[in-house]
Amino acid sequence: MKNQRIRNVVKSLKVAVFLAYKGIVRANIGVTLLTIFILILVALNLMFVPGLINGIVASANDKLINTYSSHLVIEAQGIKDQGYKITHVKNLMTAIQSINGVEAVTARNAVGTNISFKDKSNDDRKINCMTYGIMPEQEMKVFEVSDWLVEGSYLDDRDRDKILLGIQLAGTDQTNVELYSHSLRHVHAGDKVTITYNSGYVKQYTVKGIFRTGFIQTDLQAFITQLEYESIIPGTHDTATELHVRLDKDADPLEIMRRIAMFNSDVDFQTWQENAGIVNSMTTSFQLINGILDVVNALVAGITIFIITYVDVINKRRQIGIQRAIGIKNNAIIFAYLLRALCYVIVGLVVARLLFRFAIVPFEASHPFYFPFGAVYLALEIPLLVRTTVLLVIVSLVAAFIPVMLITRIKILDAIWG
Amino acid sequence: MLEIHNLTKIYRTGSVEFRALDDVSFTVPTGDMVCIMGKSGSGKSTLLRQLGLLDRPTSGEIILDDISVAKLSDDITSTLRLERLGYIFQEYALLAELTAHENVFLPGMMLSNEGIDYEKRAKDLLEMVGLKEKMHHYPKELSGGQQQRVAIARALINNPQVIFADEACANLDTISSKLVMDTLVNLNKDMKVTIVFVSHDPDDKQYARNLVVLSDGKLMPDEQL
C-alpha cells in the first residue's frame, strides 16, 4: 500500500516534470520573457535595497573600527573619571603585539578639556570635548585618522604645544558640518586655540591639523601627543586610560582577550560591536526598514507572480480540464505549475544575481552613494542572498499554487467548456 | 457490464430548475456497442458525461462491474477514468502543447501497470489509427479527422473496458467520419471494447448493436434498431 502510494507520487512527479517542461518550451516566448523580466526586476528590488543597507552598515562599521574604536578596546577596571589607569603600558603593549592575530596596538590617555578660540571678529567661542594624548606613530598603525586630514598635517611623536582637531570641533568654515553651529566655527590649521584642562590648567596650542573622517564621534575628538600629555598631567608616564588593538582579519577576539587577560587581569575589554552605540541603533533601524521593505517586496513579487500565473491558468483552463478528464491527477497538474513557477523564478534570480554582481555593483562602485561617513558600496552577503532566494521562491510557489489549486477545484466540465 | 439505474441530473440556476436527465435506466453488456440518440437538448451528452464520470448525477446509480461509481471521491473517479475508461470528445480535446504521440502517451505516464511500455504502445496505437507519419505533429498541424483519431488512440492507451464517444464525428467530413466510426467498430469487434457513443446522425445507427433514445431527458421505451 505504502509502496503503491510512493509509486503513484513518483508517477505524478514524472508527469508534472513532463508537463512543466512542455509548458515552458511550448509557451509563448514573449510571455515567457516578460514573466522572467518581471521576476528579474522583483529579484533586483529584493537585492538592491538590502545590499545598499548592508553597504551602509558595513561602511559605518569600517569607519567605526578604523577611526574610533579599533577592533578591541582595553580599559582599566574601575571608574574612568576617578583616574583609574592601565600601568606598565609599554610592557603590556609589547606583550599584546606578540600575540598571534594582533596587527597593532596603541595607547591613549583621555582627559576632559574645554577649547576656546577667538576669531578675527574677536568672537570668543568655546567647546567641551575629550582630548587624547596619543602615540602618533603607533596610532597610525591602528587607526586611519591620519588619512582624513582636510588641513595641515598629522602629529609627530615628539610634537609639543600642537593639537589635532576633529572638524566637528574646529568647524573650519565648513557650514555643512553636522555640528557646525556648536563648533568653534572658524578654526584652521595654524590657528591658536586655548585649552583649559579639567584640572584648571590653561595652555595655548597651535592647530597642526584638522581631520574629517565622516564619523561624527571621531570628528568630535582632539589629539595631543603622549609627550605633551605627560607634561601637562604629571605622573602619567607609562600609563593609559585605554589601549586600542587592531586585529588580523581572521583573528578570534575572544582568544586574544583571554591571552591579554593573562598579562594583566586588571583590565576590561570592549569589542568594536560593544562600542558601536550609534552604529548599532542605525543598524537596528535599517534592519527594521529592511524588514518592512522585504514584506512590501514579497507582496509585490507575490501579487505579480499570482497575476502572471492566474492569467496563464485562466488561458489554460480548458487544457487543465482535459488533463483532469483523461485521468491526470490534480497533484500532478498543480506540481507542474509549481515547477514552471520555480523554473521561472530560478532563471529570474540567476539573471538578477548576475546583473547585480557584474553590472550594478561595478557601476555603483564607480558612482558610489555618499553618506556622512563616506562612500557606500553595495554589499550583498551570502545569508542575505539565501534569504532573498528563499523568500522569492516561497512567494512564487504560493502565488502559483493558489490559482492552479482554484482551477483544479472547479468541475471538469466547467473547466473544459466554461 | 455497465448498469444505469434511475439516473437523474438536474441543473439549477437560481430558482430555475432544469431536468436534463429524468430517471434513466438501462444496461450495457460487456462488449456491446451502444448508440445514444436524440434531438438536440435531449440529454445525450449529459448522459454520456455522467457515464464517463466527468460529472456527478443528482441521483441514481451507475454500476461498473458491480461497483457503484457515481458517488465516489474525485480522486477515485480520476483513477477510474485513467485506468478503466476512455473518453472521446466532440472537439477532440487534445493538449495543444503536446505532439500526437505525447497526447496519447500522457495518460500512460500516469498508469501504474508495470511491464507495459506505454511509449511504444502509444506509437502502436497511432499506427493502428493510421497516423504513424504524424506522430510528432502538434494538434494544430493535424486535420480534424486526424485529431479525432489521435483522441481515439489516447482513449485506448489504458486498454479501457468502456470507451465513451461524444459526437465524435460531428465536426468531421463524411470520409473522416466513416474512418473514425470504422475505427470504433473495429475496436469493438477485434478488441471486444465496450463502446457507448452519442450521435445525432440517424445513419450512425448502422454502427450500433443497441440503441438508447432520449427525449427531454427521458429514455424512450422499446427503442430498437
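This is a predicted model: local features need pLDDT of at least 70, side-chain atom pairs count only at pLDDT 80 or more; totals for chains, interfaces and linings use all residues.
**A sheet, a helix pair and a chain contact**

Good morning. In chain B, 6 strands make up an open sheet of mixed pairing, and their order is β6-β7-β8-β3-β9-β10. The edge strands are β6, residues 85-88, and β10, residues 218-219, of chain B, and each of these pairs on one side only.

β6(B) pairs with strand β7 of chain B, residues 162-166, in the parallel sense, over 4 bridges. Within this pairing, Y87(B) stands opposite F164(B) in β7(B).

I turn now to two helices of chain B. Helix α5, residues 144-156, packs with helix α6, residues 174-191, at an angle of about 15°, and their axes lie 9 Å apart. Because angles under 35 degrees count as roughly parallel, α5(B) is described as roughly parallel to α6(B). Their crossing is right-handed. Which residues of α5(B) meet α6(B)? They are G144(B), G145(B), Q148(B), R149(B), I152(B) and L156(B). On the side of α6(B), the partners are S176(B), L179(B), V180(B), T183(B) and L187(B). By class, this contact of α5(B) with α6(B) has 5 nonpolar, 5 polar and 1 charged residues.

Finally, the contact between the chains takes 23 residues from chain A and 18 residues from chain B. On the side of chain A that touches chain B, α1 (2-25), α10 (317-325) and α13 (412-417) of chain A each supply at least two residues. The largest share, 8 residues, comes from α1(A). By class, this side of chain A has 10 nonpolar, 5 polar and 8 charged residues. Thank you.

Conventions
Residues are numbered from 1 along each chain as its sequence is written. Chains are lettered from A and ligands numbered from 1 in the order in which they are written. Two strands pair if DSSP finds at least two bridges between them. Axes are lines fitted to C-alpha atoms, for helices over the stretch in contact, and angles run from 0 to 180 degrees between N-to-C directions. Angles under 35 degrees count as roughly parallel, over 145 as roughly antiparallel, 65 to 115 as roughly perpendicular and the rest as oblique. A crossing is left-handed if the near helix is turned anticlockwise from the far one by less than a right angle, and right-handed if clockwise. Two residues are in contact if their C-beta atoms, placed from the backbone, lie within 7 Å. Ala, Val, Leu, Ile, Met, Phe, Trp, Tyr, Cys and Pro count as nonpolar, Asp, Glu, Lys and Arg as charged, and the others, Gly among them, as polar.
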